[in-house]
Every structure is written in structure tokens, then in C-alpha cells.
Amino acid sequence: MIEIRGLSKTFVGQDGDTVHALRDVDLDVAENEFLTVLGPSGCGKTTLLKAIAGLIPWNDGDILIDGTPVRGPGPDRGMVFQNFALLPWATVLDNVAFGLKMRGVGRSEREERARSLIALVGLSGFETKRPGELSGGMQQRVGIARALAVQPRVLLMDEPFGAVDEQTRRLLQEELLTIWEKRRMTVVFITHSMEEAVLLGDRVVLMSARPGRIAEIVPVPLRRPRSSDVGALERSGQYVEITAYLWDRLREMHEEQRPAEVAG
Amino acid sequence: MSALAERPGVRRPRERRRSPWRRLPAAPLSLAAGAAAWELIGHLADVSFFPPLSTVLARLADITSEGMILGSLGGSLINLAAGFAISLVAGLAIGVAMGRYRKVEAALGIYVYALLTAPSLVFAPIFFSLLGAGRGSIIAVVVMYAMFVIVINTASAIQSVPAHLVEMARSYGAGEGRILLRVMLPAALPMIMAGVRLGVGRAVTGMINGEMFIAVVGLGHVVTEAGGRFDSAEVLAVLLVVIAVALSAVGLVQAVDRRVTRWVPKTTRGH
């Protein structure tokens, strides 16, 4: 579904040094796979996601979606942002319909589709509210509905639950699982939480920083559907084992980096 | 029914009487105090250049009934409206272009800042000689006064639009035109309106200064004539009219501002 071949991205840092945000990244994402990407800050995971979204250029390599090279943003991809990126002056309905409007969908059709997605994310009755009147969790529900409204084949999520409190985060994780189990699609989900990566993902892509590259891809063979009993799943031996393994690897990376951080 | 309310000494917060401070009508009181001070100082000083308020108001009634105010006011308002409209349209366009494109800012920034800080009346003789002693020159002076503050506010408003909103719009396939129209302009609107409010005040200043200098039409013409006759009461009477025009214009802009920026969360302010 998504093929990434030899992707490299460099940029010039503030001190004039060349920083390798991504170096030689190869990755295949299967149709309807839920892929989570985990790594320390500065490992280029958001850069990778934005490259797939077609939002930033890169230096070398290719990204193909169903064999077609990515040249910019496209209707086959919908993105969910860490800071929600909602239009503060627009109502929930207009925010959810924004992507459809940009694609030239007529008013009645886009409002009908927006309403059904607002219902899907549990925000019926809030159609005329503005983002400022909603909690963080509700705002991100709007962000998810906006992305789903364009019926993307690939859902790109950039630490979508990083800016909400722990309880809301857990609720949103369960709801995302429920939605995905109902309407399967390919998901690339960036996170810095090991638990979240394991709970949601079919595979966890572990990235390391400086240069940003894929250190390891860890399969998560936990049974699905997972939304029905998240609690039991989190107590299972397999879940605990994979989470512990990911933490060991992440700690190694942090220790390797520490001298570099002191030096510069 | 409500045991709490019946108990002596316990009052529900909502029923608490509003404090005298909250009920204080600050604006009318301040106006009354200003008027009283003017009247008093006018009488005490007893100089021809500062007549008391009552004398000025009587003179205002006189010249109004002679038809002098209404005729000049119409001419002045046309100058103001035309100059402000040009300032608004050109100011928004230049400001958006400067805020969005670095090259435009580099090219125009120096002119905009130079003309913002230069005393605008300096340009009146230039307009006078280029456009003649007519309405065109006065409108040009109004534009010199009002436009640049709108340009600068619009440019910084566009620059401070959160990058993540633009990125979001791009990810959903919005092109440059839609990003400007559907995302950047609405996001920048509260700050743009702050510049427009400043601009309308400066436009009134430009109108009266331009009319006083070029002195063929409008309220400024009346002021110049009265000044030549050392008729201070008439000068101040026209000044009152000019202030009324300025306050109405600013009030109009504020009403528009409140309508278009209703979504902006209110900051907390003291009473």
C-alpha cells in the first residue's frame, strides 16, 4: 500500500550544520495495517509522517502509495494533528466539513457527511459549537472526524493524543480502535508512548535519532478486536513483554545519545 | 422550599446586590466632568482663545442654523469615506502581500515604515501641485494618514497566523488562494481590525488637516476661515463636530469588529 524506499531528508540547523532528519528509511505498510511509529524526540518520526502526507520535500528516495509516487497532498490521505489544528472561528460542523469543502464537495452533501462523522465520534448536538467551547478531547474528536470525512485510504496521525490528559487519552484510544475495527483503513500513527504504540499497532516501527532511521520493526501479535477489553489486554503477558522490550531499546538509545547531548 | 434562602444572614451569591462600583456609569460621568472643567476654566481664564463651553455651544447652534455645518460636513464625510475606503482596500492588499511573501516585505517594508513615521501633512503641497486644489488632494492626504497603519497591522497579523493551520489546510488540498481567503484572513482578522480602528481615527485627522491646508471645501475650510477671523468659539465649535465624526467612525468600525470577531475568546478585564 505504502512503499518508502531509501528516504533521506536533511536540513541545515541553526548553527549551520547539516542535520539528517531521516537517513535511508525503507518501510512498507500493508493495506489496512495499523502501523505505529515510536522513537525519542528528534528521531524524525513527524518528518516521516509529513513526507508521506506530501507536506514537505525530501532529498532522496521515493514514497509510493499504491505504486503512485507522492508529489504533494492528496485526497487519498487524511491527517490528524497533535495540536488539533481546528479553525477557531468555524463551528464543529464547518471544521469537520473543511476537507470536503477544499475538495469541492457541495454544501448539502458535505454537511450530511460531516453530520454522520460527528455522530461517529460522539459529538452529536455540538455541531454549532466552536472549538474554544470544547475540551481538548472533544477538539481532537473533531480533528479525527475531519480526517475521516474525506474518506481517506490512509489515515496519518501525528501524536494525536499527546495534548490531552491521561484519562481522555485512554478513552480516545479505545474509540479509535472501535472506529478502525468498523471501517478498516491503513493507519500510520506517530507516538512517543510505548503503551499506546503496542495497544494500537499491528507493528511498532522503532526509530532512532541523529540520524533519524528505523532501528527495528517489532510485530505486535495481540489478538483483535482489541477495543472490547483493553484492560485484560494490558494485563496480558505478551503486552507487558513487548512494552518492556520497547522501553529497553528506547533507554539504550537515550544512553547512546547522552554524550552527544553534552557535547553539543 | 428553599431553606437556605430563608435563613437569616445567608444570601445566595446571585442575589447579592451589585456594588456601587459596578453600577458607576464611567463614560457619562467623565464627559460631565470634562464639560464642567472646560466651562470653569473658560470663565476663570477669560481669554479670547479659550471661550467657555456654553459660548462654543451657542456658536455651534448659530452656524448650524445658518446651514454652514451641514453643507461642509457632507463634503468632509465624502473626503473621509473615499480616503478611508482606498486606505482599507489598498492597505489590506499590500499588508497581506507583505505578511505572506518575504520578497514583497523586503521590497515595500522600507517605504511603508518611512511613510508611516513621516509627518503626513508634508505631502499636502505635493498633492496640491499634482492633483490641484480639489477633492483629490484631500483624499490623497487622508490616504497618507490612514493607510500605513493598516498595512503594518495587516502584515504582522498575517505573519502571526499559526503555521499549523496553514499546514492543515495544505494537507486537505487547499491552494494558495484558498489558504489566504479561508484560513489566513479569518485567523488574522482580530489583529487586522485593530489596525483598521487606528486607521479610521487617523483618517479623520487626515481629513481635517487636509481640508485646513488645501482649504476649499469641508469642515477644515470653515476652521481656517474662522481662525483667520480669530473666532475661537467657531474653531472650537467645528472641532466638536470633528470629534463627533471621529467617534462615530470609530464606533462604526468597532461594531463591525465585534460582529466579525465574535469567536475570539474574551480576555478577563477588571470592571
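Predicted model: local features only at pLDDT ≥ 70, side-chain atom pairs only at ≥ 80, totals over all residues.
A residue is called buried here if 20 or more other C-beta atoms lie within 10 Å of its own, exposed if 12 or fewer, and partly exposed in between. A:Trp89 sits in the loop of chain A that runs between strand E6 (77-80) and helix H2 (92-96). Once its neighbours within four places in sequence are left aside, A:Trp89 is in contact with B:Pro186 and B:Trp263. Within chain A, A:Trp89 and A:Pro131 are separated by 42 residues in sequence, while their C-alpha atoms are 7.9 Å apart in space.

A:Phe84 has 24 C-beta neighbours inside 10 Å and so counts as buried. Elsewhere in chain A, the loop between strand E10 (213-219) and helix H8 (230-235) contains A:Pro225, and the peptide bond leading from A:Arg224 to A:Pro225 is cis, with omega near -5°.

The contact between the two chains draws 18 residues from chain A and 13 residues from chain B. On the side of chain B that touches chain A, the elements giving two or more residues are helix H9 (163-171) and H10, and H9(B) supplies the largest share, 6 residues. Sorted by class, this side of chain B comprises 7 nonpolar, 3 polar and 3 charged residues.

Chain B can next be followed through its annotated segments. An unreviewed UniProt entry places the feature "transmembrane region" at residues 77-98, 110-131, 137-158, 179-200 and 235-256 of chain B. In the model, residues 137-158 of chain B are 100% helix and 0% strand, with the end C-alpha atoms 31 Å apart; residues 235-256 of chain B are likewise 100% helix and 0% strand, and there the end C-alpha atoms are 32 Å apart.

How do the helices of chain B pack against one another? Helix H8 (residues 135-159) and helix H10 (residues 176-214) of chain B meet at an angle of about 160°, their axes being 7 Å apart. Because angles over 145 degrees count as roughly antiparallel, H8(B) and H10(B) are roughly antiparallel to each other. Their crossing is right-handed, and the residues of the contact of H8(B) with H10(B) divide into 21 nonpolar, 10 polar and 2 charged.

A second pair in chain B consists of helix H5 (residues 68-100) and helix H11 (residues 218-228), which pack at an angle of about 130° with axes 6 Å apart, and H5(B) is therefore oblique to H11(B). On the H5(B) side the contact is made by B:Met68, B:Ser72, B:Leu73, B:Gly75, B:Ser76 and B:Asn79, and on the H11(B) side by B:Gly218, B:Leu219, B:His221 and B:Val222. By class, this contact of H5(B) with H11(B) has 4 nonpolar, 6 polar and no charged residues.

One backbone detail of chain B remains. B:Asp46, which lies in the loop between helix H3 (26-45) and helix H4 (53-65) of chain B, has a positive phi of about 55° although it is not a glycine. Since 10 C-beta neighbours lie inside 10 Å, B:Asp46 counts as exposed, whereas A:Phe84, with its 24 such neighbours, counts as buried.

Note on methods: Residues numbered from 1 in each chain as written. Chains lettered and ligands numbered in written order. UniProt positions renumbered as here; feature names shortened; annotations may be inferred. Helix = DSSP H or I, 4+ residues; strand = E, 2+ residues; numbered from the N terminus. Axes fitted to C-alpha atoms, helices over the stretch in contact; angles between N-to-C directions. Parallel < 35°, antiparallel > 145°, perpendicular 65-115°, else oblique. Left-handed = near helix turned anticlockwise from the far one by under 90°. Nonpolar A, V, L, I, M, F, W, Y, C, P; charged D, E, K, R; others polar. Contact = placed C-beta atoms within 7 Å.
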